[in-house]
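Me: Hi! Could you walk me through this model? I have a few quick questions.

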Amino acid sequence: MKILFIGGGIWGTPVLKSILELKYEVTVVDCPRVNADDCFRYGLTTRRILHKSRIMQMIYSVVTNNSNFLYALFWRYRTRVIVTASLAENNFIALVKSLQCDLVLVASCAQKLPEELIFAARLGCVNCHPSLLPKYRGSDPFFWILRNRELETGVTFHYMSNDMD
């Protein structure tokens with residue numbers, strides 16, 4: 001199964017690690033929480049790595065708090081990484097469609113996914129949300145779970161639509 005993973009951060013990294021350990025073919029999209037000008041300032045660079053007897057281009061950036069661990073995963077599993085400042089860029093969407101992924105899996109992505117991206121995979125687009133929806137929807141449920149001293153919480157997997165969760 002070919003999976004396009006979009007996300008990172010303290011929630012997305014363990015989700016990514018889990019699917020990499022299952023040995024699926026995974027392409028990771030890193031969309032740093034910076035704008036395009038900042039991406040240039042951070043100095044996105046390109047390296048070539050050996051992957052399955054062929055040379056692939058790996059684009060990477062160090063802009064997130066846990067990026068060292070995240071990028072260590074990329075190297076360990078020889079994962080293809082695509083860095084984009086915006087998920088809505090036409091070139092990016094065309095690249096995603098050319099990958100012909102079976103599933104798009106999202107965990108901790110700060111950007112709204114365009115409709116073309118949500119429906120780009122054969123099995124659809126699934127969000128892995130770190131709370132029991134709908135009670136703690138939004139981008140950072142950890143704060144509210146801790147603030148309200150919840151004794152139980154969970155994870156919600158749901159198919160995505162054009163609406164935010």
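Me: To start, which loop does L22 lie in?
Reply: L22 sits in the loop between α1 (9-21) and β2. Helices here are DSSP runs of H or I with at least four residues, strands are runs of E with at least two, and both are numbered from the N terminus. This is a predicted model, where local features need pLDDT of at least 70, side-chain atom pairs count only at pLDDT 80 or more, and totals for chains, interfaces and linings use all residues. Residues are numbered from 1 along each chain as its sequence is written, and side-chain values use heavy atoms, with hydrogens and water left out.

Me: Thanks! Is L22 buried or exposed?
Reply: L22 is exposed, with a relative accessible area of 57%. Buried means under 20%, exposed over 50%, and partly exposed in between, using a 1.4 Å probe and protein chains only.

Me: And which residues make the nonpolar surface patch?
Reply: M1, L22, Y24 and L123 make that patch, which is about 380 Å². Patches take residues with over 30% relative accessible area and no salt bridge; like charges are joined within 9 Å, and nonpolar side chains (Val, Leu, Ile, Met, Phe, Trp, Tyr) within 5 Å. The areas come from the Shrake-Rupley method with a 1.4 Å probe, and for residues only the protein chains shown count as cover.

Me: Switching to helix α4, which of its residues are buried?
Reply: In α4 (residues 90-99), the buried ones are F92, I93, V96 and L99. They cover an arc of only 115 degrees around the axis, so they fall on the same side of α4. That arc is taken from the directions from the helix axis to the C-beta atoms.

Me: What's exposed on the other side of α4?
Reply: N90 and N91 are exposed there.

Me: What covers the buried residues of α4?
Reply: The cover includes β1 (2-7), β2 (25-30), β5 (80-83) and α5 (115-118). Contact means heavy atoms within 4.5 Å.

Me: What follows α4?
Reply: Q100 does, and its phi is positive, near 50 degrees.

Me: New topic: how many salt bridges are there?
Reply: A search of the whole structure gives 3. A salt bridge needs a side-chain nitrogen of Lys or Arg within 4 Å of a carboxyl oxygen of Asp or Glu.

Me: Which residue does K17 bridge to?
Reply: K17 pairs with E21, and their closest N and O atoms are 2.4 Å apart. They are 4 residues apart in helix α1, so about one helical turn separates K17 and E21. K17 is partly exposed at 26%, and E21 is partly exposed at 39%.
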